[in-house]
Every structure is written in C-alpha cells, then in structure tokens.
Amino acid sequence: MTAQIFAIANQKGGVGKTTTAVNLCAYLAGAGCRVLLVDSDPQANATTSLGIDPRKPGTSLYDVLIENRPVQEAVTETTLPGLSLVPANLDLAGAEVEMAARMAREQLLSKALQPLHCEFDYVFIDDPPSLGLITINGLTAADGIIIPVQCEYLALEGLSQLLSTIHQVRKVLNARLKVAGVLLTMSDVRTNLSTQVVEDVREHFPLETFDTLIPRSVRLSEAPSHGLTVLGYAPDSAGALAYGELAAEFMSRFPTKVGAAPAGLPGAGSPGSTVA
C-alpha cells in the first residue's frame, strides 16, 4: 500500500503547525499506523519535540535534498513505536539558495521520498512558516495539505495567498494536491472572539474544517521542552484529548489498512476549553 502524504503548512507563524505535526503523528502511531514525519523547517522544532538533538551529527533532510543522500539514511526511529522522523538541522536554512539552481527544484522532495512510499501508511511534512521553495517542495510531494488556523483576530489573513499558491501548485506541479483539512487551533470557547473565528472559518471551509477544536493548552506548550509529545508528557490534559480526537477523525477521513483508531486511544473525550 502506498503512503498517503500530507503537508502541514501555513505561512503565518505561531499557529500550532509543528505542534499539530508532532502530536497528530504520535497518536496515529499509537493507533498502530506506520508514520513518518519529515521536518522541513530549518528551526528543527519538530525534531527537537521528538527528543532528537538537531546539532548532533547525522543525516538530515538537508543532506537528502542538497547532497543527494538516500532518504533511507536520514530516517530516524523515535522513542514512539511506529513513528519515524527525517530530521532537520540549521543547514536547511541555506537550502533554498542552493536548491534554486537545480533542475526540477520544486520536485526534489517528492523524488527523494519515493523509496519510502511502501514503508509507511502516512507521511507528514512539517513545512516552514513561509511560501518559499521548501514549502513548495512539500506541496509538490503531498496528496493533501492540512492548514492549522489559530482562533484569534486576523486568523484568515494570508490564507488567500496560501490558497493561491495551492492552486498554482495544483495547476503546474501536482494535480492531485487538495486541501485535506483546516484545523482550528488555540481555541477557547469561553471567549466571543474564538467562537466568532470558528464560525468564520467553518463558513469559508464548510467541508474541509475538522470538527475537532484544539484548545489553548499550557501542556501543549510545555511538552516540547521535555523532548516529548503531549501523549507522553500529559496524556490526560485537554490538549492531549483533543489531538487523540483529531487522530480518530483524521483516520475516519483518510483510512488506511490499519482501520479505525482503537476505542481505548486517548482522546475519546471532549477537550473542552480548559488551558490545562
């Protein structure tokens, strides 16, 4: 079975993109899926969040894209069974300049990932907060894009530019690319502003928006500093329950041979609006 590939992208920073990438992957792996996370952000936050030091020697995505190293050399096992990582490091910051002179530069990541298509059920690409060449590579490699949108003022700002980019990629580089989901993050249903943003996003994206809301959660913010996902750090917190719920919803939309998430998977309850 060929992996389903998803880019997680939004050129607006601070919307919970990496938090979503790391924790959604953790819960899918916990449900028995074979999951690969590709960290394509030079900040390497996803790499750090999974307890891997990006400063230590090792094959990274930079080596795959620029030095033509086989992607299999970069695949790193995490402490979570079923979850593997292609790590990033600071070298990736200069990759866009080096990629610019390459032939078919928008397709470098897509071609690099081809040997792994039968090794995983899901591949997620954590894109940087920009619409540069690395993000275009992620969109060209993906079957779908997941767009995290925070429940705050001007949440829809910049989405028109992202949607325009998606349209251009679909037209020129990757006809199969679709908006796989819009995820509302940092929600607090106790506030009128958050509720209004939820309504606005669902009005603009009625079919694509996930039912699950990711709450504003202290535990979600703390977990990366311990090199852990929220599943490992605070599995009973509101953020953990929400990402467990998201994983179940995601698998119902994009099933794999593993089937639906087990009933005992954390996240079956309602995340509510608490910041715990």
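**Figure 1. Helix 1 in this predicted model is largely enclosed by the rest of the structure, because twelve of its 14 residues are buried.** From its first C-alpha to its last, helix 1 reaches 20 Å, which is close to the 20 Å expected at 1.5 Å a residue. Just after helix 1, Gly32 takes a positive phi of about 100°.

**Figure 2. The largest nonpolar core of the model comprises 51 residues, and Val38 and Leu113 are those with the most contacts inside it.** In soluble globular proteins, nonpolar side chains tend to be buried together. Once the neighbours within four places in sequence are left aside, Val38 is in contact with Leu61, Val86, Leu109, Leu113, Val123, Phe124, Ile125 and Asp126, so that Leu113 is itself among the partners of Val38. Apart from this core lies another, of 34 residues, which includes Cys25, Ala180, Leu183 and Ala247.

**Figure 3. Helix 12, which spans residues 238-253, contributes a series of buried residues.** The 16 residues of helix 12 reach 23 Å from the first C-alpha to the last, close to the 22 Å expected at 1.5 Å a residue. The buried residues of this helix are Ala238, Gly239, Ala240, Ala242, Tyr243, Gly244, Leu246, Ala247, Glu249, Phe250 and Met251; of these, Ala247 is also one of the residues of the core of 34 residues.

**Figure 4. The largest pocket holds about 450 Å³ of space and is lined by 24 residues.** Gly16, Lys17, Thr18, Thr19 and Met186 are the lining residues that lie nearest the centre of this pocket. At least two residues of the lining are supplied by each of helix 1 (17-30), helix 2 (45-49), strand 7 (178-187), strand 8 (209-215) and helix 10 (218-222). By class, the lining of the largest pocket divides into eight nonpolar, twelve polar and four charged residues.

**Figure 5. One cavity of 30 Å³ or more is present in the structure, and about 60 Å³ of space lies in the largest cavity.** Rolling a probe the size of a water molecule over the atoms shows where empty space is left. The residues that line the largest cavity are Thr18, Thr19, Val22, Asn23, Ser49, Leu220, Ala223, Pro224, Leu228, Thr229 and Val230, and helix 1 provides the largest share of them, four residues. The lining of this cavity has six nonpolar, five polar and no charged residues. Thr18 and Thr19 also belong to the residues nearest the centre of the largest pocket.

Figure 6. Most residues other than glycine have a negative phi, and most peptide bonds are trans. Asn68 lies in the loop between helix 3 (61-66) and helix 4 (71-74), whereas Ala104 is placed in the loop between helix 5 (95-99) and helix 6 (108-113). Asn68 has a relative accessibility of 60% and therefore counts as exposed, the cut-off for that class being over 50%. Ala104, at 32% relative accessibility, counts as partly exposed.

Methods
Residues numbered from 1 in each chain as written. Predicted model: local features only at pLDDT ≥ 70, side-chain atom pairs only at ≥ 80, totals over all residues. Heavy atoms only, no water. Core = buried A, V, L, I, M, F, W, Y, C linked by side-chain atoms within 4.5 Å. Buried < 20%, exposed > 50% of the residue type's maximum accessible area, 1.4 Å probe, protein only. Contact = heavy atoms within 4.5 Å. Expected span 1.5 Å × (residues − 1). 1 Å grid on protein atoms, 1.4 Å probe; cavity = no way out; pocket = protein on both sides within 12 Å on 5 of 7 lines; lining within 4 Å. Points joined across faces, edges and corners; volume = space filled by probe spheres on them. Nonpolar A, V, L, I, M, F, W, Y, C, P; charged D, E, K, R; others polar.
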